[in-house]
Structure formats: C-alpha cells, structure tokens
Amino acid sequence: MMETNTISRRNFLRASGLAGAALCLGFYLPANAKKEELAAATAESGFDFNAWIRIDTDGKVTLTDHRAEMGQGSYQSVPQIIAEELEVNLSDIHVVFAQGNPVKYGSQITGGSSTIRGSYKKLLKLSATAREMLITAAANKWNVPAAECYAEGGHVIHKPSGKKLNYGELVAAASKITPPAQVKLKETSQYKLIRKPLQRMDTPMKTNGEAVFGLDKRLPGMLFASVERNPRLRGKIKSFDATAALKVPGVKKVFKIQMMVFKTTRDGVVVVADSTWAAMQGRKALKVEWDDTGFDHVNTADIYQAHENLLKTNEGLPAKKQGEPDAILAKADKKIDVIYQTPYQAHAAMEPLNCIAHYQQDKIEIWGPIQAPDWVQGDISDKFKMPKEKVIVNMTFLGGGFGRKAFLDYTHEAVAISKELGGPVQVIWTREDDVKQGPYRAGISYRGQGAIENGEITALKFKMAGQNIDHWNGPGRDKANGSTTEGFLKPYYDSIKNISFADVPYEMPLPNMWWRSVYASTNGFAYESFMNEMAVLAGQDQLDFRRKYLKDERSQRLIDRMEEVSGWKTRKQNEGYGVAITECFETTVGQIVKVSRQPNGKVKIDKVWAVMDCGWYVNPDIIRAQVEGSVVMALGAATIHEITFKNGLVEQNNFYDYLMPRMSDVPPVEVHIMENTANAGGVGEPGLPPFAPALTDAIFDLTGKRIRKLPFNLNEV
Amino acid sequence: MITLTVNGQKHDIDADPNMPLLWAIRDIIGLTGTKFGCGAAQCGACTVHLNGEAVRSCVTKLSRAAGQKIVTIEGLSLNNDHPLQKAWNEMNVPQCGYCQSGQLMSAAVLLRENPNPTDQDIDDAMSGNICRCGTYQRIRAAIHKAAAMQMEGAKI
C-alpha cells in the first residue's frame, strides 16, 4: 500500500557529531499536525538521543519504546513494528524507554489499550521512510537506480551486483536526503516480523533478575522513605510525635508531607532512612493524631443502598436514546426489571507503588514505574513551577499497572519529599498502603429493564449509578458519564430500535479511577448479563439470540467462531455453558465459559474459550497472553476480592484479606484471534469484560440461579 | 556484624538481626532481582533458597539466615540456562515479570525434589506465589517443559 508521506525534511534531525561517538541519524514525527511547528523547533535545536530510531555509524540500531512496559508487551511490539519496515533484525537492535516528552512522541499514556492502535500507522510510515532514505543514500553512492536496491537485515543491497552496505555506513549520507514524498508500506502477507508469535525480548532479563523495575533503580546518595498517610483516604494531621521514630537506627529525618490526590490533599508523615527497612521501622514508631473533620464516614452497604434508591427513583441524565423504550415497557406483558451490582476494586499490581525523585534548584528528575510519563512531566512542571524541559521523567519496567500507575499522586508526593529533604529519595508504598489508599475502580450498580414480544426484543432500558472517574471530587454532574454505553456492542443499535441509557449521578468522596478495561469491566457485566436474561425470557439460545441482533459481518464471524471452537452445539446436559460478547477500545471479545458440578458439590470452571477481533495486530502470542491474564484478573474481581468501607476506612489490608486467584483457581483459557485487516484495536484490556457475565451465565445454565451481584463465592453456588 | 553467603559470595554486613533478609539482599548487598510484594509471606515475590529450601525472604530474619547458604534469582544459573529459565523464555511466560523471580525460585525447588511433577504437584508447590498478570497457565506448562528438558538432559 502506498502512503503519502507527511514527514518533512525539518522533522528529521541532522546528522550530528556526538562527543567522541559516531554520527547518528535520528528523527521523529510530530505528535500531530497541529504541533508540527513546535516539534520542528525542537528538532532544529539538535540531535536528541531519544528519538524513535537511532542508527549509529557503527551500525548499532536503537529503537525507542515510547510507552510503558507493564506486562502488555510494548517493549516487544513497538520495536517489532519499527523493525519490520526499517528492515533490521530484532536480534541486532537495542530497545530503550523514552523519557516523558509529548512534543516528540505524542501521547505516551499507556492506557485505553492504545499503544499499538494509537501509534502503528505512524510508526510504520516513519520506519519505511528511514529505510527509503538509506536505500537512496546507497544508490547515490553506487550511482545506480534506487529501484535496483533493497534493504534487508540492516543492510542495503544492490540486486544486480550483490553489493552491500551496512546502515551504519549510510547514515551520514542518508541524513542529508530529503524524505521521500511517498513510501510504500508492506502488505500484510509480506510481513516477516509483524503477526509472528516472536519470543519477547524482555523475557531473558525477567528470568535472571536483571530487569530494572522502579523499586530496583538506585541513585548515588539515595535515601529511602515510607509515609504514614491519613487512613481515611484524605484528611489532615492534628499532630505527630517523631521522638521514637528518630531513635530507630538508620532513620535520618521525619517530617510532614502533603500529597495531591486529584484536587484535594492527603496529609502524611514521612520517615526517611538509609534503608527501606529502617524507614518502615521508623514509621511504625510514629505517633500521629489525625483530623478527619468534614470527611464522610462511609459504609459499603450504604453506598449500594443509595445506588438502588437512585436507580428506582431517578431517571438520571440521558446518555443515549433511540425510539421510545419507556412507552413500550409501560405496556409490555413480558418484561424484566433487575439490578446488578459490581464492587470497588484495588489494582494491586505486584510491584507496590514507588517513585524516585531528585529535586534540584534547576531541574527535577524522576524514575519509576510510570504509565504516563508525559502527564507526570506536565503535572510536576505545574505544581513545582519548573519549566517542562527541566522535568525529566524516566520510565523503568513496571511491575504491573492496570491504570493505577497513570495516576499522579505518588509521583507528586515523591518530588515533594525530595524537595523538603534536599536530595534523591525513593518513596516506597507498602502492600497495605497500596491496598488501603486507593484510588479504586468505582463500584457501580445498574438497572436493566427489557421487554420481549413474539420472541423479539421490543425495548431495552439501562441506567447506571455510581461514582464517575472524572467527577469524584468535582462539582455535581450535569452531563451523563460519556462511558455509560462503554462495553455495549454498537451493532445492537442497528437492530434494537427502542433503547436508552442513562447515568444517575452519585457523588461520594472516595478517590476512584480507571482500572483495567475501565467502565467496560462493570458495564459489560450488567449489559451482557441482561442480554442473556432477555434470551431466556425469549426462550432462545444465547448465541442464536445474539446472532439475530448483531448483524454485521464481523460479529457474525465472531459468533460462528465462538460456536465452532467451544463445541457449543454439542454441549451436554450436566454442563453449564455461558456466553458474553463485549467491545472495549475498538476490540470485540466473545467468551464462552464452561462449568460443571464436582463430586464434592462445588462448581468448577472447566474451560474458557475467548475469541478476539482486534483487527490489525502485531504479536499473536502477546495477544493470547493478554487475554489469558485478563481472564484471571476478571476471575479475581468476580469471585474472590472486593474493597469494602467501614466508617470511612478500607477494611482490607494485604493479600491475606484481599485475596488473589492462585494457580489452582485458574481454568484453562483458549484464545482465538480473528484474522482481518481492519484498523488495530486494543489488546491489553478487552479480554476482561466478557468473563464475569459469561461465567454467571454458565452458572445459570447449570443451576438455574442468576447471579447479579459481584463478587460471589464460587464455593457457595 | 552478620555474615551472609549469597550466591556463593560472603558479605559481612552491619545490620539489625531482626531485619528481613529481603532488605539486606536488596538495599545492602544490592541484588535487586528478589522482589518486595507484600512483606507478609503472602505473595512469594521475595522467594529465595535458604540451604536449598524456598523461603520468603520478607519474613526471614537476618539472624536466621546468618551463616547459611542463600541463593537468589541472580544465582539460579550462570547464563540464564537453568531448564526453567529456558522454558520461561520459550513459552513467553512473563508479562510484567515482577513476580517471576519468586515463581522461578519456587519452581526450582519443586523440580529438584520432584523431577516429573503432575499438574496437582505444580499447583500445590506454586500456590504460595501470586501472579497478578495471570501467567499461571503458562507457568504450569513451562514447569512441565522444564521437567522434560531436565530429564532429557539427565539421559545424555
């Protein structure tokens, strides 16, 4: 396919001499057309190591991962894309993480499953452009037509003569060439790296202890800090006594600190010491009196009671409506009206939050497991009145993120501590801090109403009630949450004529935020459970029922595949089969869950089949891994853990009461990927939402009992 | 002064005998492959070998580890060539990778004591290790693969 090139000469960095080192070719694309001028200005100011591609004159190729690597595979898939069109071997390249720099890289937030879908087109074009410039440089050198040359394995080869030059030998000349107006991108069938299940390049360093996570980074003279924060999620300090803490060997300093949580602050007392252990011991010796004035001492049961009252009495803010579902529901004979509840969830990444900050007079440098280095740069620049270019944000590997490490509280706090301390410091959250302090995925309740006539859906009406991520601390909402319909399949709108969604605002001062798959994780449970209930009401098979309403070709193929791989039609009487299909970040995933009753009376999940349609993709094995992991995370959230509040305090502490799925809890997951060339959709999150509704549907199929509240205890079904 | 022998190397360290081994390994000796996950022996991210046994270093006091033989992930093999490490690479086991040091150290003891474990044996031996990314299915398969490699190697 031919692509018109938008890369102008000035967006390429000039070949430039680095101190004693080789000449390099570096270049980048502006974040978007509007920012082109700004980007060009930066480019003119000189060579920057952290461009996407760098080729040294000795042939060394360095590719940049501009997104976070938190398990989802950007460290593999971003280079895999670049290397394809650049024509270099993955075994010959070096990968580095970008620093936060939205001017250069565009958005760097690793969220919304956006790394590939948000970057792949420009990465392909960028890489092909570099390749063409190298080919032209070689052709000029040999004085042959460029059409007689091709690139392979980091070399340009002249086909007729077999002459060959390494990219490194061509860098100086290539850097002076005007980027071509058009570049030819490969067809899918020509890919050598893309769409191949290649081994991940970050595995070797994750099996011998070499990978540097945030917690592993060390700076000369760095101290360690642990913070005792107000346990009521926000609030102040009345007084504290550091006498005993300061007597703990290794403790250097104790002082009050304030962390910004959205627009509010949370007070804490920080203990700085020469080891993590000493800081933790010092913290235990602190005596702190908290001030909770004005804080709502909330209880979980009250939250869900309030949701239910709202759903029954309040029409909410309209989010989407077509036809007249209310009028039809009022007259219908055959209808259902049910409420679903989903719990608050902690992210509980294996690597507890941590951040190293070094505040200096003229710059601030940060290292850590950071999902959004560009946001951190902007946030720290704002809050500490430091020019953006003087805020250097370095990403390490992340020991999990799931949305939590895209939040800006822990990075802000670390910088505040370093500023007060006057030196580099690593702030370490304990597991208890991580579990007890949020922000959490909000627990949301839903009301579903629907009518059936002659086996057909005549009306659907959904309302959601719960905290909105964007508004937890803001003024009351006057517009519906834009994510009210997230997770619901768009093709349904074409065939279900009367349907409405509304959002009933429920404000509560608990910090909440996105959690893997965001609203689809809760919406998906309600909406797809409801579709299964409607199928039962219509007396129809759940897959056939969906086939009727999802008429587009991609959905039809997905459903066919689900039926085929799971043996849906040949399922036996004593087995429970459940189904759900959700859309999340432009990817549709259908899952079928099979359960059976064990001789000991307990229900066992025998198998999960997942079929994913994510359009264009990079690495099928990473996709499979992401879906396998998504199912495990969904299993935990559906059947094992939830965050609950008592008198404003979080009741859970650590993995002994915020339990996690273990190896023996996990069913086999079989993942199938649909082959097509549609635009790339997300991969890291869309595998999560369909699991809970498919599981509860399977349990209904086996037991006749419909579960509408998560989490539920699988041992008690 | 406490003497620790880590991966065959002796370290004399000046630390509180109540300090958990984890923090001495990470903050004093400077080997950061062993991870902090929970501090309460719940997740297994900090698993090391103490005289060949898998222990949770976050709750193992220095006084207990003193003078004993400790092996961390950095000492599991010289060149990332333990059968488990090879199987982990071949099967793309890690996602974020944070728990994998502990997973490997637990699995290494299992394979030494039980060269041909069943699924049930693996589930039992690995139940103390949490993986939030949910790589369990691959860990189980990779342990089987490593067991096969190990037996193949023994025949040669």
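Me: What makes strand β3 (residues 47-50) and strand β4 (residues 53-56) of chain B a pair?
Reply: Two strands pair if DSSP finds at least two bridges between them, and here four bridges join β3(B) to β4(B), which run antiparallel. Within that pair, His49(B) stands opposite Ala54(B). The hairpin has two residues between its strands, and Asn51(B) takes a positive phi near 50 degrees. Helices (H or I, at least four residues) and strands (E, at least two) are DSSP runs, numbered from the N terminus. This is a predicted model, in which local features need pLDDT of at least 70 and side-chain atom pairs count only at pLDDT 80 or more, while totals for chains, interfaces and linings use all residues. Residues are numbered from 1 along each chain as its sequence is written, and chains are lettered from A and ligands numbered from 1 in the order in which they are written.

Me: How do you know that β3(B) also pairs with strand β5 (residues 69-71) of chain B?
Reply: Two bridges link β3(B) and β5(B) in the antiparallel sense, and the rule asks for at least two. In this pairing His49(B) stands opposite Val71(B).

Me: What is the order of the open sheet of five strands in chain B, and which strands are at its edges?
Reply: The order is β2-β1-β5-β3-β4, with mixed pairing. The edge strands are β2 (9-13) and β4 of chain B, since each pairs on one side only. Neighbouring strands are turned by 40 degrees against each other on average, direction ignored. Strand β1 (residues 2-6) of chain B meets β2(B) in the antiparallel sense over five bridges, with Val6(B) opposite Gln9(B).

Me: Why are helix α3 (residues 83-90) and helix α4 (residues 100-113) of chain B called oblique?
Reply: Their packing angle is about 125 degrees, with the axes 10 Å apart. Axes are lines fitted to C-alpha atoms, for helices over the stretch in contact, and angles run from 0 to 180 degrees between N-to-C directions. Angles under 35 degrees count as roughly parallel, over 145 as roughly antiparallel, 65 to 115 as roughly perpendicular and the rest as oblique. That makes α3(B) oblique to α4(B). Leu84(B), Gln85(B) and Trp88(B) in α3(B) meet Leu104(B), Ala107(B), Ala108(B) and Leu111(B) in α4(B); contact requires C-beta atoms, placed from the backbone, within 7 Å.

Me: And what makes α4(B) and helix α5 (residues 119-126) of chain B oblique?
Reply: Here the angle is about 130 degrees, again with axes 10 Å apart, and α4(B) and α5(B) are therefore oblique to each other. Gln103(B), Ser106(B), Ala107(B) and Leu110(B) of α4(B) make the contact with Ile122(B), Ala125(B) and Met126(B) of α5(B). α4(B) also lies across β3 and β4 of chain B, at about 40 degrees to β3(B).

Me: Why is helix α12 (residues 409-421) of chain A described as mostly covered?
Reply: Eleven of its 13 residues are buried, among them Tyr410(A), Val415(A), Ile417(A) and Leu421(A). A residue is buried if 20 or more other C-beta atoms lie within 10 Å of its own, exposed if 12 or fewer, and partly exposed in between, with C-beta atoms placed from the backbone. The helix reaches 18 Å from its first C-alpha to its last, close to the 18 Å expected; the expected span is 1.5 Å times one less than the number of residues. Gly422(A) follows, with a positive phi near 85 degrees.

Me: Why are β25 (575-584) and β30 (669-673) of chain A placed at the edges of their sheet?
Reply: The open sheet has four strands in the order β25-β26-β27-β30, with mixed pairing. β25(A) and β30(A) each have a single partner strand, so one side of each is left without a neighbour in the sheet. Neighbouring strands are turned by 15 degrees against each other on average, direction ignored.

Me: How do you know that strand β26 (residues 587-597) and strand β27 (residues 603-613) of chain A pair?
Reply: Ten bridges join β26(A) and β27(A) in the antiparallel sense, against a requirement of at least two. Ile592(A) stands opposite Trp609(A). Helix α17 (residues 553-566) of chain A packs on the sheet, touching β25, β26, β27 and β30 of chain A.

Me: Which helix of chain A gives the most to the side that touches chain B?
Reply: 48 residues of chain A are in contact with 45 residues of chain B, and α18(A) gives the most to chain A's side, with seven residues. α18(A) also lies across β27 and β30 of chain A, at about 135 degrees to β30(A).

Note on methods
Two residues are in contact if their C-beta atoms, placed from the backbone, lie within 7 Å.
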